[in-house]
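Dear colleague,

I am passing on the structure we discussed, with the sequence and coordinates below. My notes on what I found follow directly after it.

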Amino acid sequence: MTEKTTLLKPSPETGTLIEMAPEKIPSKQGIPELEKKLLERIGASARKLRIMHVCGTHERTIAKYGLRSVLPEEIEVISGPGCPVCVTPEADIDIAIALAKSRASVVTFGDMMRVPGSTGSLLDAKAEGADVKMVYSIDDAVALAEKKPEQEVVFFGIGFETTVPANAATLLRGVPENFSLLVSQKRTPPAIGLLAKDTEVDAFIAPGHVATIIGTKPFEPLAYQGFPVVVSGFEAYDVLLGISLLLTQLGEGAARVDNGYPRVVKPEGNLIALKMMEEVFETADSEWRGIGNIERSGLVLKKEFEEQDAAKRHEDFYAKALEEIRKKAKGRDKKRCICAAILTGKANPSRCPSFGKGCTPKTPAGPCMVSQEGMCYNWFKYARAGGSGHA
Amino acid sequence: MKSTTITLEHGAGGEVMQALIGEIILKNFNNKSAGSVGLESLDDGSTIKLENFDSNSELVLTTDSHVITPAFFPDTNIGRLAVAGTVNDLTMMGAKPLALTCAVIVPEGFPMDDFETIIKTMGDTAAEADVPIITGDTKTVEKTALDSIILNTTGLGITVAEKPVRDSGLSPGDKILVTGSIGDHGISLMAHREGFDFDTDLVSDSAPLWKLIKPLLELKTPEGAAVITAMKDPTRGGLANALNEMAQKSGAGILLEEEDIPFKPAVSAACEMLGLDPLEVANEGKAVIGIKAGFEEKVLEILKKHPYGKDAAVIGTVTSENKGEVVLRNRFGGMRYVDVPAGDPIPRVC
């Protein structure tokens with residue numbers, strides 16, 4: 001899985017070296033004309049079709065390459081609940097901020113920094129003097145803790161199965177005493193199950209990064225419900241190939257999980273990474289911002305890792321802060337936006353009373369407006385000035 | 001004995017400060033005079049003699065304070081950034097730089113060798129642009145007040161064309177050029193700051209552009225109009241910010257061809273890895289130029305003669321559609337808006 005690695009730093013996204021395989025590097029190394037050929041093929045078999053992807057990086061690829069502007073009008077690609085920072089609950093961000101303001105150095109990934117909790121983002125808190133730092137991987141956070149043994153360092157661990165193995169591996173290797181993990185990590189299969197039951201789309205593009213770890217099998221429930229699924233990579237041609245393969249399945253009247261990213265994804269996933277995850281974490285119910293509680297969709301540290309669990313280590317503080325935050329936040333998400341309906345493909349952003357009014361990319365209220373992957377963010381960007389996007 | 005670090009006395013106005021000015025600043029600035037009273041007079045001010053300029057010429061005044069962490073980066077320092085930045089601001093207005101000032105605020109404890117290197121770099125960069133540094137100021141502060149050096153440079157220039165060049169002069173049909181590869185400064189700095197080992201020799205592009213741009217300011221269409229219609233340096237916020245500002249102020253759209261924008265492979269690779277958009281990354285030695293259509297070859301020929309313009313390229317066209325917006329088209333026709341960056345580029349993870 002790591003044989004084609006050429007760059008030197010593990011990706012914070014996967015914690016493995018797979019991200020740096022040469023095909024991921026510059027788009028100009030793509031096969032010339034491949035996109036045009038795929039677009040012709042898609043054009044030839046186009047039909048009315050609503051495709052949902054559930055991955056932030058897919059949204060980035062689609063936006064970066066303007067794919068919506070070149071796809072046939074009948075094909076609509078919408079963004080499901082795939083942006084991990086977007087679905088991180090406000091309360092978790094609030095706790096991280098409270099820790100950073102009072103007793104610890106809180107360290108996290110860049111894209112978490114701008115996401116607002118109930119009273120502002122980590123970036124806002126940093127400006128107010130809270131001890132917040134940005135890193136590219138958990139290793140950098142551990143290095144920080146090693147450098148300052150007198151300082152409590154809390155790594156705010158967010159993301160899906162793509163970031164979990166790196167965190168598990170780090171804890172298994174051993175961390176300094178002053179280091180702990182604030183876990184806000186999610187499992188994708190339960191969310192996939194929910195989507196299969198309650199969504200208004202025709203087919204799915206499944207995330208290649210997550211599938212690299214968990215394999216293609218967890219996406220099968222979608223196929224059993226009658227949805228064609230393709231696991232896709234993250235170049236423009238990967239996404240176009242995914243759409244083309246979905247059209248092929250629809251043409252055949254089939255619904256299965258195709259692997260459109262075989263240069264990276266194995267059907268069984270990354271067994272070593274999965275084993276490490278199991279050793280360190282166990283499943284728990286988890287709150288998804290804008291969606292609500294999803295059973296068994298979260299991860300918590302096992303008892304053996306209590307010492308490194310920020311929730312346990314700062315238990316006194318944590319319980320009190322959480323209670324206050326919950327009191328303040330009660331019912332607020334629902335009042336403010338219709339994220340749940342947007343994330344499951346049942347409503348377009350323009351139906352939301354906050355869209356473009358209280359809620360804009362500069363002042364995001366809900367998860368869909370939070371980052372560049374969010375559906376509302378992109379809708380806002382593309383819809384203005386009569387733009388070319390038709391998401 | 002020469003002290004090895006800056007102390008508060010170095011800014012106190014006494015003998016120690018005089019010695020610092022004499023031994024470090026005056027020594028390292030070769031060109032210190034633009035009139036009968038120059039820097040070496042250490043008078044309350046300096047003079048600039050105006051000669052041989054058209055009475056229609058206008059003076060251009062600009063100022064910029066420079067803070068950068070760290071003060072030394074591949075493969076130069078804040079001194080070059082401060083001089084080049086102000087020279088470029090004048091250049092972008094179509095003004096010949098006449099004189100610069102140099103104000104320094106430095107914390108006690110700052111290594112004297114680093115201080116001298118920075119001052120020497122300022123002198124060298126100013127010499128490269130043929131502009132004298134004619135007056136200055138040195139202040140020291142306690143180390144708890146500041147953790148590194150701050151430089152302020154003010155520049156006075158005089159327009160050489162009939163009118164100053166603005167960033168708002170684009171009209172539909174104009175062509176958009178950049179003078180070289182995009183994103184080098186921001187990515188080299190980020191890699192250096194974060195200790196990324198990208199295994200590349202990417203360095204900051206910080207450079208004074210006056211001599212590169214000067215010959216273009218003289219270019220005229222057969223009707224006698226200036227060939228350059230608008231100009232801007234894509235510093236903070238990168239090309240995305242500069243082009244959006246130009247489009248908005250000009251009331252026109254800009255259509256960029258992604259394949260024609262020059263990027264160094266190391267910049268593309270780093271941006272792909274870190275989830276950054278190279279269009280949003282800072283440049284310190286590049287210009288975005290709007291020119292009248294039909295003059296692309298002539299302008300490129302002139303730019304490519306200068307080392308700072310060897311990778312110059314036409315990257316887009318000004319349109320009457322999409323007023324105030326910048327649209328990027330890729331090799332298979334996909335289009336997207338290029339947005340004004342929200343703030344400093346933040347790497348994305350998921």
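In chain B of this predicted model, strands S4(B) and S6(B) run antiparallel to each other and are joined by eight bridges, with Val104(B) standing opposite Leu151(B) of S6(B). On the pairing of S4(B) with S5(B) there are again eight bridges, but here the two strands run parallel, and Val106(B) has Thr140(B) as its bridge partner in S5(B).

As for the division of chain B, domain 1 covers 8-159 and domain 2 covers 175-337. The centres of these two domains of chain B, taken over C-alpha atoms, are separated by 27 Å, and the contact between them takes 23 residues from domain 1 of chain B and 23 residues from domain 2 of chain B.

Turning to chain A, its secondary structure comes to 20 helices and eleven strands. Of its 391 residues, 61% are buried, and its accessible surface comes to about 15800 Å², with 52% of that area belonging to carbon and sulfur atoms. Among the contacts in chain A with a separation of 6 or more, 74% are between residues 24 or more positions apart.

The largest nonpolar core has 95 residues, and those with the most contacts inside it are Phe155(A), Phe156(A), Phe179(A), Leu182(A), Phe219(A) and Phe281(A). Helix H5 (residues 90-102) of chain A gives the most to this core, with seven residues. Because domain 1 (86-188 + 270-332) and domain 2 (335-384) of chain A both contribute residues, this core lies between them. Phe179(A), one of the residues named above, touches Ile138(A), Ala141(A), Val142(A), Ala145(A), Val153(A), Phe155(A), Leu171(A), Gln308(A) and Arg313(A), leaving aside residues up to four places away in sequence. A second, separate core of 56 residues includes Ile24(B), Leu81(B), Met112(B) and Ile302(B).

One further residue that I looked at is Val231(A), which is placed in strand S8 (residues 229-232) of chain A. Is Val231(A) buried or exposed? Its relative accessibility is 0%, and Val231(A) therefore counts as buried, the cut-off for that class being under 20%. Leaving aside residues up to four places away in sequence, the residues that Val231(A) touches include Ala206(A), Pro207(A), Gly208(A), Phe219(A), Val257(A), Tyr261(A) and Val265(A). From Ala96(A), Val231(A) is 135 residues away in sequence and 34 Å away in space, C-alpha to C-alpha.

With best wishes

Methods
Residues numbered from 1 in each chain as written. Chains lettered and ligands numbered in written order. Predicted model: local features only at pLDDT ≥ 70, side-chain atom pairs only at ≥ 80, totals over all residues. Heavy atoms only, no water. Helix = DSSP H or I, 4+ residues; strand = E, 2+ residues; numbered from the N terminus. Buried < 20%, exposed > 50% of the residue type's maximum accessible area, 1.4 Å probe, protein only. Contact = heavy atoms within 4.5 Å. Areas by Shrake-Rupley, 256 points an atom, 1.4 Å probe, with all protein chains shown as cover. Core = buried A, V, L, I, M, F, W, Y, C linked by side-chain atoms within 4.5 Å. Domains from an automatic or database assignment. Pairing = 2+ DSSP bridges.
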